[in-house]
Amino acid sequence: MAPAKRRNVSSGKTPEQSVKTAKIDLNSNVERILESRKRANDVFDILELLQSDKEKDVIRAVDACSKLFSTLLEKKELFTGKLPGEEAALSGGHSAEEKYRMFMRHRYNSCVEMLLELISHEVHNVKESAMCCLLKFAAGEGQHPLEDLDWSEHYSFPRELILGVVENLLSKTTNNSLLISRLQEFLEMDDLRYYVMSSIRENVGKVMDKSKGAVLPLYQFNVFTLMSNITMPSKESELTNFMIKQEAKHEDWKAAKLNEHKRVFERMWLGFLKYKLPNSMYKKVLVILHDSILPYMSKPTLMIDFLTAAYEVGGAISLLALNGLFVLIHQHNLDYPDFYKKLYNLLEPSVFHVKYRARFFHLANLFLSSSHLPVYLVAAFAKRLARLALTAPPTALLIVLPFIYNLIRRHPSCRVLIHKPSTEDEPLEDPYLMDEEDPAQCRALESSLWEIKTLQKHYHPDVAKAAMLINTPLSEQEEDISEVLEITAYELMERDLKQSQSKSVPLEFETATQLLKGGGDVLGQHFCLI
C-alpha cells in the first residue's frame, strides 16, 4: 500500500538490499536498535516493511514498531517539545544525545503517519493491528508527553493522535463497522471515551461543512456505528477506568467529571443530527433514542429540531419521531402543542397494511391513554378510525374496534357518538370532515359512529361479532389489544379452521323425553297389535 505523501523512511539501500529487508528478523533488529545507538539506521528497515504489499510483512512491521517506539517512549529517548526539521537538527549546535533523540522522534512521527494510513488498508487484520498499535502509542504518550500540552484543561492526553485515529476510522468510502467494534473494547476507558467523543464532533463538523450538508451514506453510517458503541456512565463514581493516570491533578481533569462527559456526549449527537441523514439512518437513531441517548444528555429538549425533521420523512420514521417527542413531553416537560395534530394526520388507509402496524397501534394507545385529553380530540381519533375501518382488512378491524371502544371507556363524554339522537326528517349527511387536518375543526362530535353499525354486516364473523358490542353498554374494564396486534390473515384463518367442536350437534329442536317411558303401555300395545 503506497503512502499518501513522501516521507523520509528510506535507508538509501539498493533494490537488491530492499528485497532482503523482508527476510530480516525484525525482533532481533529491534533489540539491536535498543541496545546500540549505532544501529539507529536499522529503523528504516522496519519502516520500509510498513509499505510492503504482503499482509504478513506489514503486520510483522507493525508489531516491531509497537515494541520499538513503546520502549523508546518509556525510556524517554524521544525528543520532547517543538521538533526542529531534520536538516536543522543535524546542522545546528546540538549534542549527539539531542541529535539521536530528534532523529528517532522524526522516525516515530513517520511511523505514526503510516499507521494512520494503514487504518484504511483493504485487509482487516492490518487495519486492526495498526489501530491497536496507535492506541498503545497514545497510552505511552500520555505517560511520557512529547509536546507541551495545555495542563490547565487536558493535561497530558495525546488529543491529536486520537483525533487522527478517529478521522481515519470515519471513512467516506469503506464500511469500518468491524474495526469500530474492536475499538469498543478500548472505549471502556473513561478518558479515551471522552476524547473520542470530542474528536467525533470535531470531525463531523469539518467533513459535513465541507460537503455543504450533503448526505454521505457510508461516512454517516461509520459515525453512527462509532457513536452508538459508546456506553455512557450514569454515576460519577463509575469514572474509575483511565488509560492515563493524572495522579494529583486528576480531580480537576475534565475527562474525570460526569457533567463534562454529558456535555461532550450531547454536543457530539447534536452536531451529528443537525445534518440531513439517509432515511434508513433516522430509524436507527430513533430506535435507540429514549434508552441510549436522551438519559445522558444535559438538555434532552434540544432534540426537538431533529425529531421534527424526522417526522417529515414519513411512514414508520414519523411514528418513531412522535414517540421521541412523547418522551420529551412527559419526562422533560417539553411544550409541543402540535403533537396530537401530527399523530392524527398519520391515520391514513395505508397504516393498516404496513409492517409497523402493530407498533403504530401500540404507541397510539399509549399516546391516547390519558383521561385528561379534551373530548373533541378523542372523538376525532375515534371517528377517523371508524371511517378508515370501512375499507380495512379483518385483521386490522380486530384491532381498531377494541381500540375505539377503549377510547370511549376512558372518555364517557364520547358516548354521544353512539347514542346520537335523530329524527326521521334529519338529512342523512355526515358532518364529519375527513380531509380536515386539524382534529379541532373536523366536527367529529357532531357526527356518530355509524360505520361500526355498518360493520355488523361484515362478511367475517369475528368482525361482525366485535361490531355488535356497540349495541350493549360497554363494560368499564378496557380490552387488552396486545393479543391481536400481531395477528395475521393466515393466523386468523387457521384459528377459524381449527375451532374445536366441543358441543354436541342437536338432532332436533325439541328433545324427546317420553319416548321410552311407560314401556308396558306403549311397547306392550305395539306387540299386541302384532
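Author: A network of salt bridges links Arg37, Glu77, Glu97 and Arg101. This is a predicted model, where local features need pLDDT of at least 70, side-chain atom pairs count only at pLDDT 80 or more, and totals for chains, interfaces and linings use all residues. Residues are numbered from 1 along each chain as its sequence is written, and side-chain values use heavy atoms, with hydrogens and water left out.

Reader: What makes Glu77 and Arg37 a salt bridge?

Author: The term asks for a side-chain nitrogen of Lys or Arg within 4 Å of a carboxyl oxygen of Asp or Glu. The closest N and O atoms of Glu77 and Arg37 are 4.0 Å apart, so the pair counts. Glu77 sits in the loop between α4 (55-74) and α5 (86-91), and Arg37 in the loop between α2 (26-35) and α3 (43-49), so the bridge ties together parts that are 40 residues apart in sequence. Helices here are DSSP runs (H or I, at least four residues), numbered from the N terminus.

Reader: Why is Glu77 called buried?

Author: Buried means under 20% relative accessible area, exposed over 50%, and partly exposed in between (1.4 Å probe, protein chains only). Glu77 has 16%, so buried it is. Arg37, at 36%, counts as partly exposed.

Reader: How do you know that Arg384 and Glu348 form a salt bridge?

Author: Their N to O distance is 3.6 Å, so the pair meets the cut-off. Arg384 belongs to helix α18 (residues 375-389) and Glu348 to the loop between α16 (339-344) and α17 (357-367), so parts 36 residues apart in sequence are tied together. Arg384 is buried at 5% relative accessibility, while Glu348 is partly exposed at 35%.

Reader: What about Arg387 and Asp430?

Author: That salt bridge has its closest N and O atoms 2.7 Å apart. Arg387 is in helix α18 and Asp430 in the loop between α19 and α20, 43 residues apart.

Reader: Which residues of helix α21 are buried, and why are they said to be on the same side?

Author: In α21 (residues 461-468), the buried ones are Val463, Ala464, Ala466 and Ala467. They cover an arc of only 160° around the axis (taken from the directions from the helix axis to the C-beta atoms), so they fall on the same side of α21. The face turned away from that side carries exposed Pro461 and Lys465. The buried residues pack against α19 (394-410) and α20 (450-455), with contact meaning heavy atoms within 4.5 Å.

Methods: Helix = DSSP H or I, 4+ residues; strand = E, 2+ residues; numbered from the N terminus.
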